[in-house]
Amino acid sequence: MDSGGDSASAGDNTEIVTAERKKKLDALIRTVPHFPKEGINFKDISPLLANAEGLKLITSMLADHLRDKGIDFVAGMEARGFLVGAPLAIELNCGFIMLRKPSKLPGERISVHYGKEYGTDVLEVSAGLIQDGQKVVVVDDLIATGGTAAAACQLIRKAGGVVIGSAFWVELGYLPGRSLLENDHVPVFSVLTYAE
């Protein structure tokens, strides 16, 4: 496990992402070998979600990083992004926006299609929730290849929002998710980064 933090200035987050905090949280992330397929070491957040102290700690760490940035909305991708985003929005005293899979939202929707490893997918947001120029941070439990997070950023912009950053509980540092977002001018903050 590497240190978490904002790539632009990891040193700015040393009080937020301390070695002691990371050790506590790392103990609550279970690695499941060869899931969902051979060669994959799945990072299971279930033990973290089941631990009230850990859940509060990781939520407060994200909030401490994002506080005072004038955020209007936290946007979370279905479904685990909801688990990360809703409590974070409460902590930041801002709204929460659900980014849903196709045909899950009633009424008028804004959609974005994006490529995945084995085909394409769609993310949608309810039209009219985000006003032009409102500041949004995109969150999820984990960033790996970054395709869904990049699509989420595209969707927020299409809806009129300004993506001011992204935040994740876990980052798989050996995959290109961080660079994909940063190349799109989206700062990335992660609490736990795994090198393998």
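Helix axes are lines fitted to C-alpha atoms over the stretch in contact, and angles run from 0 to 180 degrees between N-to-C directions. Helices (H or I, at least four residues) and strands (E, at least two) are DSSP runs, numbered from the N terminus. The structure described here is a predicted model, in which local features need pLDDT of at least 70 and side-chain atom pairs count only at pLDDT 80 or more, while totals for chains, interfaces and linings use all residues. Residues are numbered from 1 along each chain as its sequence is written, and side-chain values use heavy atoms, with hydrogens and water left out.

The helix packing may be taken up with helix H1 (residues 19-26) and H3, whose axes come within 10 Å and cross at roughly 135°. H1 and H3 are therefore oblique to each other; angles under 35 degrees count as roughly parallel, over 145 as roughly antiparallel, 65 to 115 as roughly perpendicular and the rest as oblique. H1 passes H3 in a left-handed crossing, a term used if the near helix is turned anticlockwise from the far one by less than a right angle, with right-handed used if the turn is clockwise. On the H1 side, Arg21, Lys24 and Leu25 meet Glu53, Gly54, Leu57, Ile58 and Met61 of H3, where contact means heavy atoms within 4.5 Å.

Helix H3 (residues 52-66) also packs with H4, at an angle of about 55° and with the axes 9 Å apart. H3 and H4 are therefore oblique to each other, and their crossing is right-handed. H3 contributes Thr59, Leu62, Ala63 and Leu66 to this contact, and H4 contributes Val84, Pro87, Leu88, Glu91 and Leu92.

The aromatic side chains come next. Rings of Phe, Tyr and Trp (its six-membered ring) pair if their centres lie within 6.5 Å; planes under 30 degrees apart count as stacked, over 60 as edge-to-face and the rest as tilted. A search of the whole structure finds two aromatic pairs. One of them joins phenylalanine 35 and phenylalanine 42 in an edge-to-face arrangement, 5.2 Å centre to centre and with 85° between the planes. Phenylalanine 35 counts as partly exposed because its relative accessibility is 43%; buried means under 20% relative accessible area, exposed over 50% and partly exposed in between (1.4 Å probe, protein chains only). Phenylalanine 42, with a relative accessible area of 26%, is partly exposed. In the pair of phenylalanine 82 and phenylalanine 96, the ring centres are 6.0 Å apart and the planes stand at 85°, so this pair is edge-to-face. The pair links distant parts of the chain, for phenylalanine 82 belongs to helix H4 (residues 80-92) and phenylalanine 96 to strand E5 (residues 95-99), 14 residues apart. Phenylalanine 96 is partly exposed because its relative accessibility is 27%.

Several backbone features lie in loops. Most residues other than glycine have a negative phi, and most peptide bonds are trans. A cis peptide bond, with omega about 5°, joins phenylalanine 35 and proline 36. Proline 36 is placed in the loop between strand E2 (30-33) and strand E3 (41-44). The peptide bond from glutamate 78 to alanine 79 is also cis, with omega near 0°, and alanine 79 is in the loop between strand E4 (73-77) and H4. Aspartate 68, although not a glycine, has a positive phi of about 70°; this residue is found in the loop between H3 and E4 and counts as exposed at 79% relative accessibility. Serine 103, which is not a glycine either, has a positive phi of about 65°. Serine 103 lies in the loop between E5 and strand E6 (109-116) and, at 64% relative accessibility, counts as exposed.

Two valines complete the description. Valine 170 lies in strand E9 (residues 162-172) and is buried, with a relative accessible area of 1%. Not counting residues up to four places away in sequence, valine 170 touches Ile29, Lys43, Asp141, Leu142, Ile143, Leu192 and Tyr194. Lysine 43 lies over the face of tyrosine 194, at 4.2 Å from the ring centre; a charge sits over a ring if NZ of Lys or CZ of Arg is within 6 Å of the ring centre and within 35 degrees of the ring normal. Valine 191 is in strand E10 (residues 188-194) and counts as buried at 0% relative accessibility.
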